[in-house]
Amino acid sequence: MSEDKAAWFEEADGLATIRLNTPALTGRVKEELLEAVNRAAESTTARAVLFLGSDKAFCVGQDLAEHARLLEDPSGPGALDTVREHYNPIVLGLERIQVPLVVGIGGACVGAGMGFALAGDVRVAARRAKFGTAFTGVGLASDSGLAMRLVRSLGQARAMELMLLGTMMVADRALELGLVTEVVDDQDWERRAREVARKLASGPTAAFVAAKREVRSAAEGGLEVAELLEEEADLQNQLGETADHVGAVNAFLAKQKPTFTGK
């Protein structure tokens, strides 16, 4: 971990942590975040990943001051090249994380930041957190997979509201609509997110990986029911041979609490 970096990665005791310290995304911040995300995706020892922002904001998307400078300089890197160079790789890196991904949201979660957050599996938000798309407010459509995830989470009508009207959503409303998993008091968001991530890191990792795969297959809607059922059967056969499954069954029969090793 390096405290002077805008984004960094660390791993301990099976829990990988991505930390974004700077809410507005400059080119340097995006490069550091991409490096941290890729390290999490490529880890062979992490059993869960925790993605945190700073205390007052998770991520507010593109740094518009830098963006304006790039728009004014035709000789420099294209201002909009960043979608393919940074945003798309970051989202794809988050998608490559097979173990549970917990996102802790301490405050503003806007634009690309909202797209990043919705790539998580479990989202814990502070009560002060607010969510918004923000793109049309600066004359752009969305990036970072945000439209797709909003439609899958909320349906077309609500996604259109957020995208076209720029509605800002408070945390309790986000919880009601299913955009976040849990809302806690402002001072507790990081502690609670870390607690959830540690619990997942100590659980049956192979089963979690399989569960994520099943939910993604169902959400994407590309498979017929028979194909989904066959995928479930294949995964159950694989999981039935793990030490975690055998140990948990024996612990249940012995009326004991199971201990999961991730194997």
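## A tour of the salt bridges

The accessible surface of the protein comes to about 13500 Å² (Shrake-Rupley method, 1.4 Å probe), and 54% of that surface belongs to carbon and sulfur atoms. This is a predicted model, in which local features need pLDDT of at least 70 and side-chain atom pairs count only at pLDDT 80 or more, while totals for chains, interfaces and linings use all residues. Residues are numbered from 1 along each chain as its sequence is written, and side-chain values use heavy atoms, with hydrogens and water left out.

Next, turn to the charged side chains, for which the structure holds 18 salt bridges, each being a side-chain nitrogen of Lys or Arg within 4 Å of a carboxyl oxygen of Asp or Glu.

Select helix α1 (residues 27-42), which holds both Arg 28 and Glu 32, four residues apart, about one turn of the helix. Arg 28 forms a salt bridge with Glu 32, and their closest N and O atoms are 2.8 Å apart. Arg 28 counts as partly exposed because its relative accessibility is 47%, whereas Glu 32 counts as buried because its relative accessibility is 12%.

Now select Asp 185 and Arg 127, a salt bridge whose closest N and O atoms are 3.7 Å apart. This pair links distant parts of the chain, 58 residues apart, with Asp 185 in the loop between β12 (182-184) and α8 (189-201) and Arg 127 in the loop between β9 (122-126) and β10 (130-132). Asp 185 counts as partly exposed at 38% relative accessibility, and Arg 127 counts as partly exposed at 39%.

Move on to helix α8 and select Arg 192 and Glu 195, which both lie in this helix, three residues apart, about one turn of the helix. The closest N and O atoms of their salt bridge are 2.3 Å apart. Glu 195 is partly exposed, with 39% relative accessibility, and Arg 192 is partly exposed, with a relative accessible area of 23%.

Note on methods:
Helix = DSSP H or I, 4+ residues; strand = E, 2+ residues; numbered from the N terminus. Buried < 20%, exposed > 50% of the residue type's maximum accessible area, 1.4 Å probe, protein only.
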